[in-house]
Amino acid sequence: MSETKITVRNNGPLRVEGDFVIYDMEGQAFDLAGRTGISLCRCGHSENKPFCDGSHKRVGFQSEVRARRLDSPTPPAPLPA
Ligand code: FES
């Protein structure tokens with residue numbers, strides 16, 4: 001099984017490469033026409049969501065990130081009795 005690689009591009013989209021399937025909320029898979037890589041919009045301005053259409057450049061989206069360690073997940077709160 002090959003790895004799925006997701007790269008957070010500075011000032012741009014999430015680049016997804018490798019083996020992956022993208023589903024909508026009804027569980028239907030997008031037909032990616034054989035693509036092995038695709039960019040997902042991170043700026044919120046694409047006219048083709050969830051895919052990047054380059055609008056991040058037009059709107060001057062700025063977000064530079066570096067890999068970092070996250071805090072441990074918070075356990076869910078107990079349900080009220
Ligand atoms: S990240 Fe490219 S259009 Fe939003």
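Predicted model: local features only at pLDDT ≥ 70, side-chain atom pairs only at ≥ 80, totals over all residues.
Colleague: Is Ser55 buried or exposed?
Modeller: Ser55 sits in helix α1. Leaving aside neighbours within four places in sequence, Ser55 is in contact with His45 and Ser46. Its relative accessible area is 8%, and the cut-off is under 20%, so Ser55 counts as buried.

Colleague: Thanks! What is the pattern of the protein chain, read along the sequence?
Modeller: The chain has one helix and three strands. In sequence order, the pattern is β-β-β-α.

Colleague: And what is the radius of gyration of the protein chain?
Modeller: For 81 residues the globule rule gives 12 Å, and the chain is well over that, so it is more spread out than a compact globule. Along its principal axes, the C-alpha trace spans about 50 × 30 × 25 Å. The radius of gyration itself is 16 Å.

Colleague: Which residues make up the largest nonpolar core?
Modeller: Of the 81 residues, 21% count as buried. The core holds seven residues in all: Val16, Phe20, Ile22, Leu32, Ile38, Leu40 and Phe51.

Colleague: Nice. What is the angle between the planes of Phe30 and Phe51?
Modeller: The count comes to one aromatic pair. Phe30 and Phe51 form that pair, 5.3 Å centre to centre. Planes over 60 degrees apart count as edge-to-face, so this pair is edge-to-face, with an angle of 85°.

Colleague: How many residues apart are the two partners, Phe30 and Phe51?
Modeller: Phe30 is partly exposed at 32% relative accessible area, whereas Phe51 is buried at 11%. Phe30 lies in the loop between β2 (14-17) and β3 (37-40), and Phe51 in the loop between β3 and α1 (55-59). The pair links distant parts of the chain, 21 residues apart.

Colleague: One more: how far is Pro13 from Arg42 in space, C-alpha to C-alpha?
Modeller: Pro13 is in the loop between β1 (5-8) and β2, and at 5% relative accessibility it counts as buried. Its contacts beyond four places in sequence include Thr7, Ser39, Arg42 and His56. Pro13 and Arg42 are 29 residues apart in sequence, yet their C-alpha distance is 5.0 Å.

Note on methods:
Residues numbered from 1 in each chain as written. Heavy atoms only, no water. Core = buried A, V, L, I, M, F, W, Y, C linked by side-chain atoms within 4.5 Å. Buried < 20%, exposed > 50% of the residue type's maximum accessible area, 1.4 Å probe, protein only. Phe/Tyr/Trp six-rings, centres within 6.5 Å; stacked < 30°, edge-to-face > 60°. Helix = DSSP H or I, 4+ residues; strand = E, 2+ residues; numbered from the N terminus. Contact = heavy atoms within 4.5 Å. Rg over C-alpha atoms; globule rule 2.2 N^0.38 Å.
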